[in-house]
Each structure stands twice: as C-alpha cells, then as structure tokens.
Amino acid sequence: MLFSLPTLKTCQVLVDEFRSAPQPFEPEKLRFAGVGDRDVYNISAPFVDEGEWVIAGRVEARDSEQSEVYFFVERDGVWVPREGAPVFALQDPFVSRIHGQLVFGGVETFPHPVFVGEHSWRTVFYRGPNIRRLEKFAEGPDGMKDIRLVELKDGSIGVFTRPQGEKGGRGKIGFTRIFSLDELTPDVIEAAPILDAQFTDEEWGGVNEAHLLANGLVGALGHIACFDEQGNRHYYPMVFVLNPETMERSELELLALRSHFLDGPAKRPDLANVVFSGGLIRKGDGTAELYAGVGDAEAQKISLIDPFAKYEAQELDRMYASV
C-alpha cells in the first residue's frame with residue numbers, strides 16, 4: 001500500500017533510507033551570463049512563456065543577500081537575461097499555472113518592524129497572461145516563506161503554507177483550499193491546518209513546487225532541513241504526495257544528496273551541504289529532472305526516477321480501499 005499513516009522521520013533517518021534507493025544520475029551545472037560576477041541560484045524549473053523556455057533565478061553577490069530575480073532564456077547552452085523581461089527585488093522565485101494565468105512569486109525582504117537593523121520577509125504573488133504583463137495581486141503573512149499554489153482537478157486551488165513560530169516552530173507545512181486567486185489572503189494562509197508527522201521540532205521544511213497528478217493527487221516537491229552540532233545547515237530535496245480530498249499523504253522521500261551533484265562553491269562554509277529544490281520536470285518516460293540551488297551559490301540539475309509515477313499509476317479507489 002503506497003499510502004499509510006506517515007511515520008515521523010529525521011533528516012538522518014531519511015538519508016540512511018535513501019542510500020538504498022535508486023540514486024540520481026547525470027548532474028549538470030547550469031551556465032549563466034549577463035549578470036556580472038553575481039551568483040545565480042535557487043532557480044525555478046524551466047517553464048514556457050510565449051513559446052520560449054524560461055528559468056527564473058535568484059541573482060545575488062556572494063557576500064550579500066540583497067537579491068534580484070531575473071528571467072533567463074538559453075542561448076547556445078548559456079542562460080542569459082531575457083530581453084525586455086522585468087526584474088524583481090525578490091528571493092527564491094517560483095511559478096505555477098492557475099486558471100490559465102501565469103502565477104509568479106518570491107520572497108520580499110523589508111526592515112523588521114520591531115528589531116532595529118534586522119529584516120523580516122513575506123511571500124508576494126504576481127499574475128498575468130505572460131511574464132511581461134505580471135501584476136501583483138497578493139502577499140502572504142509577514143515572516144512566512146514557501147507558500148505554493150496548485151490548481152486541483154475540480155478547479156479549486158491548493159495552497160501549501162509554512163508557518164513558523166508559535167504555530168509552526170522552525171517551519172512546518174500547512175495546506176488549505178480556495179476557489180479563486182482573489183481569496184489568497186494572509187488570514188486564509190495563516191489558518192491553513194498543519195500536516196502532522198512530517199518534521200521534528202528541531203528540524204523544518206517546506207514545499208517548493210506542487211504538481212497535479214493525473215489521478216487528482218498532488219505531488220509536492222520540497223525540502224527538509226536541520227542543523228548539525230556545529231551549527232551547519234543541511235538541506236535535502238524531498239517529495240511527498242497528498243490526497244487533497246482526504247488529506248491522506250505519503251511519507252517523505254529524499255531525491256538526492258549534495259554528494260550527487262557536481263563539486264562547487266558555497267556562499268558560506270555552513271551552507272556547503274544545502275540543496276534547495278527549485279522545480280521538477282517530469283519527462284514522461286519514467287524519469288524526471290530536478291532543478292536546484294546548490295550551496296546558495298550556483299544552480300544545477302540532475303536526473304532521477306520520477307518520484308510521482310508510482311502514485312500516479314494507482315487508481316484512487318484501489319489506493320484507498322484498504323486504508
């Protein structure tokens with residue numbers, strides 16, 4: 001049975017389990033140009049806009065976290081800024097298609113309202129028929145990242161959230177449904193119930209991209225993260241599958257470790273083992289490509305077995321007959 005009551009597992013347990021699973025293959029660094037000596041990382045997966053494949057990427061100096069999001073197109077194997085495309089003062093971009101519109105978003109930073117010299121953040125959302133005509137329409141609660149949208153089989157909209165603090169600790173995943181993008185408000189996002197048995201109180205995670213599967217289930221691509229005893233951060237790309245009707249879900253599964261990617265720089269020594277899921281391209285042949293930020297300093301992609309195929313192949317009735 002592919003779905004059962006999820007078991008709470010730490011990063012280390014998931015890493016140990018993953019070592020005996022099918023391993024990813026063919027890592028490749030993405031080459032970017034046209035942004036000076038700044039790094040490009042925490043990218044989206046490629047998506048089609050006006051007939052052209054585009055990647056949204058976080059562009060940032062190595063010694064800074066003041067970032068911009070550019071839209072890149074590939075020219076002779078190198079991704080360059082798309083001519084005439086807008087540039088946003090955001091971090092960690094994401095895209096989805098909702099009710100025929102392109103929905104784009106990222107994390108906006110701003111001076112903390114209480115603590116002088118510190119910053120807070122919020123997720124902001126834009127929509128439009130294409131990149132050139134994006135307009136802001138919503139923002140999430142202050143202090144919340146990793147809010148992601150997916151159009152469900154019945155036309156409603158699934159909303160993944162990631163509260164922190166009193167409700168979510170270091171960061172847990174919530175989920176709710178709305179019926180129009182106009183209903184995406186901070187109050188609705190804050191009220192989303194948390195999916196339990198995913199992260200211990202010492203660890204955290206979030207959803208980076210959501211896929212509607214052919215049988216109506218939702219495949220969630222995300223990350224799980226922890227600190228080690230030296231204070232270093234460890235981020236691992238993971239997936240799980242959710243039934244939005246019953247809220248039943250699969251256990252977390254890792255997709256790759258930092259060692260599966262090519263060697264490269266890190267923004268800081270404590271970020272050397274960070275792989276931040278950007279997006280997943282399902283190839284239709286049983287494989288997929290994971291696009292990710294690595295070390296908060298560069299972007300890579302890697303091939304793997306499609307993690308959602310085994311769930312998509314099941315009929316819902318049969319899947320839950322014995323649950």
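Reader: Is phenylalanine 18 buried or exposed, and which residues does phenylalanine 18 touch?

Author: Phenylalanine 18 is buried, because its relative accessibility is 5% and the cut-off for buried is under 20%. The model is a predicted one, and every value here is computed from it. Phenylalanine 18 belongs to helix 1, which covers residues 11–18. Leaving out residues up to four places away in sequence, phenylalanine 18 touches Gln23, Pro24, Leu254, Leu255, Ala256, Leu257 and His260. One of these, leucine 257, is 239 residues away along the sequence, yet the two C-alpha atoms are 8.9 Å apart in space.

Helix 1 covers residues 11–18, and cysteine 11 is the next residue to look at. Cysteine 11 counts as buried, with a relative accessibility of 2%. The closest cysteine sulfur to that of cysteine 11 is in cysteine 226, at 3.6 Å, which is too far for a bond. A disulfide is a covalent bond between the sulfur atoms of two cysteines. The cut-off used for such a pair is 2.5 Å, and by this rule the count of disulfides is zero. Cysteine 226 is accordingly in no disulfide, its nearest cysteine sulfur being that of cysteine 11. Cysteine 226 is buried too, at a relative accessible area of 10%.

Glycine 158 and arginine 258 are 100 residues apart along the chain, and their C-alpha atoms are separated by 30 Å. Glycine 158 sits in strand 12, residues 157–161, and is buried with a relative accessible area of 0%. Its contacts, apart from neighbours within four places in sequence, are Arg148, Leu149, Val150, Leu152, Phe175 and Thr176.

Most residues other than glycine have a negative phi. Glutamate 26, although not a glycine, has a positive phi of about 55 degrees. Glutamate 26 is part of strand 1, residues 25–29, and is exposed, its relative accessible area being 58%. Glutamate 50 also has a positive phi, near 50 degrees. Glutamate 50 is placed in the loop between strand 3 (47–49) and strand 4 (52–60). Glutamate 50 is partly exposed, at 46%.

The whole protein comes last. Its secondary structure amounts to four helices and 20 strands. The radius of gyration is 19 Å, close to the 20 Å that the globule rule gives for 323 residues, so the protein is as compact as a globular protein of that length. The C-alpha trace spans about 55 × 45 × 45 Å along its principal axes. Buried residues make up 54% of the 323. Among contacts with a separation of 6 or more, 54% are between residues 24 or more positions apart. The accessible surface is about 14300 Å², and carbon and sulfur atoms account for 49% of that surface.

Technical notes: Residues numbered from 1 in each chain as written. Predicted model: local features only at pLDDT ≥ 70, side-chain atom pairs only at ≥ 80, totals over all residues. Heavy atoms only, no water. Buried < 20%, exposed > 50% of the residue type's maximum accessible area, 1.4 Å probe, protein only. Helix = DSSP H or I, 4+ residues; strand = E, 2+ residues; numbered from the N terminus. Rg over C-alpha atoms; globule rule 2.2 N^0.38 Å. Contact = heavy atoms within 4.5 Å. Areas by Shrake-Rupley, 256 points an atom, 1.4 Å probe, with all protein chains shown as cover.
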